[in-house]
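Here is a guided walk through one protein chain. Could you take a moment with the picture and the sequence before reading on?

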Amino acid sequence: MGLFYNYEHYKILDEGVADENIYTHFDHCIDMLCMNLMCLADVTPALFYDPLDNPKRRDPLPDWLSLHTCRDFDAILDWSKNGRPAVG
């Protein structure tokens with residue numbers, strides 16, 4: 001919200017905090033968004049098909065049934081709690 005067009009409106013939420021600290025926080029947030037987009041990106045192809053049963057439709061339709069591979073979140077939690085990979 002701080003990077004939004006009406007920054008002054010949101011600045012009152014951080015009253016008393018130095019602008020330098022606020023901008024550092026913004027930089028951190030942007031860095032975290034970039035890291036997540038770059039490091040955790042899903043590279044599963046987005047498939048589209050032409051609906052042959054509707055010849056009047058000009059644009060292809062997305063196929064939302066693409067198979068995605070998810071991370072093993074339980075293994076991540078186990079590692080974070082116990083410091084070792086999950087066995088199983």
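The paragraphs below go from the whole chain to single residues.

This is a predicted model, in which local features need pLDDT of at least 70 and side-chain atom pairs count only at pLDDT 80 or more, while totals for chains, interfaces and linings use all residues. Residues are numbered from 1 along each chain as its sequence is written, and side-chain values use heavy atoms, with hydrogens and water left out.

Let us begin with the overall plan. The chain has three helices and two strands, and their order from the N terminus is α-α-β-β-α. Helices (H or I, at least four residues) and strands (E, at least two) are DSSP runs, numbered from the N terminus. How many of the residues count as buried? Of the 88 residues in the chain, 8% do. Here buried means under 20% relative accessible area, exposed means over 50%, and partly exposed is in between (1.4 Å probe, protein chains only). The chain exposes about 8400 Å², with 61% supplied by carbon and sulfur atoms; accessible areas come from the Shrake-Rupley method with a 1.4 Å probe, and for residues only the protein chains shown count as cover. Contact means heavy atoms within 4.5 Å. Among contacts between residues at least 6 apart in sequence, 15% join residues at least 24 apart.

Asp63 is part of strand S2 and is partly exposed, because its relative accessibility is 28%. Leaving out residues up to four places away in sequence, Asp63 touches Leu47, Phe48 and Tyr49. Ala46 sits in the loop between helix H2 (19-39) and S1; Ala46 counts as exposed because its relative accessibility is 61%. Between the C-alpha atoms of Ala46 and Pro62, 16 residues apart along the chain, there are 7.2 Å. Asp59 belongs to the loop between strand S1 (47-49) and S2, and its relative accessible area of 47% makes Asp59 partly exposed.

Next comes Ser66, in the loop between strand S2 (61-63) and helix H3 (73-82). Is Ser66 buried or exposed? Ser66 is buried, because its relative accessibility is 16%. Apart from neighbours within four places in sequence, Ser66 is in contact with Thr44, Pro45 and Leu47. A polar atom of the Ser66 side chain also lies 3.5 Å from the backbone oxygen of Asp63.

Together, Phe73, Ile76 and Leu77 make a nonpolar surface patch of about 270 Å².

Finally, consider the cysteines. Cys29 is partly exposed at 33% relative accessibility, and Cys34 is partly exposed at 37%. How many disulfides does a search of the whole structure find? The search finds zero, a disulfide being a pair of cysteine sulfur atoms within 2.5 Å.

Notes. Polar contact = N/O pair within 3.5 Å; in protein donor to acceptor, adjacent residues only side chain to side chain. Patch = residues over 30% accessible without salt bridge, like charges linked within 9 Å, V, L, I, M, F, W, Y side chains within 5 Å. Salt bridge = Lys/Arg side-chain N within 4 Å of Asp/Glu carboxyl O.
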